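Keep the sequence and the 3D view open while reading.

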Amino acid sequence: MYCSLRAGARTPTRIASEQQRKRALSTFLSSIASALAGWLARRPLATQSRIGGALGRLMLLSGGMRNRLRTYLTQAGYAERVTLTQAAASIGRMAVETAGLWRTPDAVVLSRIKIVDGWDAILAAHEAKRGVVFLSPHMATFEVASLYIGSQMPLTVMFRPPRVAWAEPMMRAGRDRMQIKSEPAEMSGIRAMLKALRRGDAIGLLPDQVPDPAKGGEGVWAPFFGRPAYTMTLAQKLAKTTGALVVMTGCVRLRDAAGYRLVFTPLAPFSDDAVAAATELNAAVEAAIALAPEQFLWSYNRYK
C-alpha cells in the first residue's frame, strides 16, 4: 500500500511540536510581562504616571488614533474641554498604572486611595444583606475601585480573557485577591453573579463595554452622548431579579499623581422597559465621566 506526504504537511507529531512551542513562547512572554509589572509596582505612582503619560502621547503619532479621539470627544461635547494630548496621556497612564497595580501589595494600593465619597450607603446595603451591583466605567485606573471594594466585602467580577493568552495569568493573579473572585464572561459567570447577589454580596460590571451576544451578553440600542450605542441589559436584569442596589462608581486620578478619589453614587431603580433602562444606565455613565472627562478611555469604540 503506497502513501505519500506532501512537503510541509502537518502530521500529529508536527502539530504537537507546534503546540509545545506556542506554550513555551506564551510562558516566556508571561514571565516578561510579570517582571515588567513587578518593576512598575516598585516605582512610585508619580513615576508610573510619567511613563504612562509619555507612552500615551506617542499614540498621537497615529493619524487613526487622533481621528478617533477627536471624533469621540466631539460627539460627547468635550472637544473644547479635553485636548487630544490629555486624552492620550490618560490612556497611557491607565495601562501603565493598571499593570503596576497587579503586582502592588494590597496595603500600598489601598494607601493610594485618598478620598472615598458615598460609601456609607453601600455599607448600609451590605449590612442589610442586600446585594450590590457596582458599575465602573473605564475611568482613570478604574481597577483601583474593585480592589477597594474587595477589601471591604466579597466581590464577584466578570472577566473577559485578553486577546493574547500570555497576559491572562498575570491579570488573573492581579485581580483575584482579597475578597475578589473573577468569573468568565459567559453564562456560567452570569449564574455566579446571580448567586452572589442572592447571598447579599457584591458584583462588578463595566457598563460602557459593548456586550458580546456570543458570550451570553445581551443588549439594546440606547443613546450614549446622543448617538445610539449597543448597551448592556445584564445589570438591569440582575438588579430587577434580586432587588440589589445599583451603584455607579467613578475613579478619578488626583493631580500630581497624589492618588485616587472614588465616588460611589447609588442609582434609582431602572425602568421596566429595556430601552428606557439602558438609556438611564448610559446617562449614569455620562455623569460619572463628567467627574473627569479627560480621564475616560476615549479610544474605546463604544459605537461598534
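**Helix packing and a salt bridge**

The axes of helix H2 (residues 45–58) and helix H4 (residues 84–101) come within 6 Å and cross at roughly 130°. That angle makes H2 oblique to H4. The model is predicted.

**H2 against H4**

- The crossing of H2 past H4 is right-handed.
- From H2, the contact uses Leu45, Gln48, Ser49, Ile51, Gly52, Gly53, Leu55, Gly56 and Arg57.
- From H4, the contact uses Thr85, Ala88, Ala89, Gly92, Arg93, Val96, Glu97 and Gly100.

**H3 against H4**

- Helix H3 (residues 63–76) also meets H4: their axes come within 10 Å and cross at roughly 110°.
- H3 is therefore roughly perpendicular to H4.
- Arg66, Leu69, Arg70 and Leu73 make the contact on the H3 side.
- Their partners in H4 are Leu84, Ala87, Ala88 and Ile91.
- Ala88 of H4 is listed in the contact with H2 and also in the contact with H3.

**H9 against H10**

- The axes of helix H9 (residues 187–198) and helix H10 (residues 234–242) come within 10 Å, with a crossing angle of roughly 40°.
- This crossing is right-handed.
- H9 brings Ile190, Met193, Leu194, Leu197 and Arg198 to the contact.
- H10 answers with Leu234, Leu238, Thr241 and Thr242.

**Salt bridges**

- How many salt bridges does a search of the whole structure find? The count is 7.
- Side chains of opposite charge can pair when their charged atoms come close.
- Glu97 and Arg253 form a salt bridge through their side chains, at 3.3 Å from N to O.
- Glu97 lies in helix H4 and Arg253 in strand E8 (residues 245–253), so this pair ties together parts that are 156 residues apart in sequence.
- Glu97 is also among the H4 residues in contact with H2.

**Nonpolar surface patch**

- Which residues make the nonpolar surface patch of about 330 Å²? They are Leu55, Leu58 and Leu61.
- Leu58 is placed in helix H2.
- Leu55 has a part in two features: the patch and the contact of H2 with H4.

Definitions and conventions:
Residues numbered from 1 in each chain as written. Predicted model: local features only at pLDDT ≥ 70, side-chain atom pairs only at ≥ 80, totals over all residues. Heavy atoms only, no water. Patch = residues over 30% accessible without salt bridge, like charges linked within 9 Å, V, L, I, M, F, W, Y side chains within 5 Å. Areas by Shrake-Rupley, 256 points an atom, 1.4 Å probe, with all protein chains shown as cover. Salt bridge = Lys/Arg side-chain N within 4 Å of Asp/Glu carboxyl O. Helix = DSSP H or I, 4+ residues; strand = E, 2+ residues; numbered from the N terminus. Axes fitted to C-alpha atoms, helices over the stretch in contact; angles between N-to-C directions. Parallel < 35°, antiparallel > 145°, perpendicular 65-115°, else oblique. Left-handed = near helix turned anticlockwise from the far one by under 90°. Contact = heavy atoms within 4.5 Å.
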